[in-house]
Amino acid sequence: MKFQPETAEGVNLINRQEPTRVWVGGTAFGHSVLVPWVGDVQAWPVATLADLTEQHFQQILALQPELVILGSGPRMRFVSSALLRALIERRIGVETMDTPAACRTYNVLVSEGRAVVAALLLEAVA
């Protein structure tokens, strides 16, 4: 599904999303990623939601967002609050939704000038 044909100067936009790939600024990624509002897209070494650890959320903290949009894969699934503790303690908002919805929401927030990170799980389709 193609989301947005344009680019915005200085910010990352998600242009397209498929079950196993996401395009940011025209570059395709075939693995889970962290998409900060500015800066480089980062590989996020998570294969499934069950693989998430506190360390994965430390990687998000290093980006210093005000809000995190967690794309949980093809359907909405929630992460334990214990894993989100570091974000919550720093008063960083966290919203969980399926990955396609997370991509759309991220683009809206970026267009509003928000300091947002999309943490997108791209699970391999069996």
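Asn107 belongs to helix 3 (residues 99-111); helices (H or I, at least four residues) and strands (E, at least two) are DSSP runs, numbered from the N terminus. The model is predicted: local features need pLDDT of at least 70 and side-chain atom pairs pLDDT 80 or more, while totals for chains, interfaces and linings use all residues. Residues are numbered from 1 along each chain as its sequence is written, and side-chain values use heavy atoms, without hydrogens and water.

**Exercise 1.** Determine whether Asn107 is buried or exposed, and state which backbone oxygen lies 2.7 Å from its side chain.

*Solution.* 
- Step 1: Buried means under 20% relative accessible area, exposed over 50%, and partly exposed in between (1.4 Å probe, protein chains only).
- Step 2: Asn107 has 6% relative accessibility and therefore counts as buried.
- Step 3: A polar atom of the Asn107 side chain lies 2.7 Å from the backbone oxygen of Ile14.

**Exercise 2.** Identify the buried residues of helix 1 (residues 54-61) and explain why they are on the same side.

*Solution.* 
- Step 1: His56, Phe57, Ile60 and Leu61 are the buried residues of helix 1.
- Step 2: Around the axis they cover an arc of only 150°, and therefore lie on the same side of helix 1; the arc is taken from the directions from the helix axis to the C-beta atoms.
- Step 3: An α-helix has 3.6 residues a turn, so residues three or four places apart point the same way.

**Exercise 3.** Which residues of the largest nonpolar core touch the most other members?

*Solution.* 
- Step 1: A nonpolar core is a set of buried Ala, Val, Leu, Ile, Met, Phe, Trp, Tyr and Cys residues joined through side-chain atoms within 4.5 Å.
- Step 2: Of its 43 residues, Ile14, Val35, Trp44 and Leu120 touch the most other members.
- Step 3: Helix 3 gives the largest share of this core, six residues.

Notes. Polar contact = N/O pair within 3.5 Å; in protein donor to acceptor, adjacent residues only side chain to side chain.
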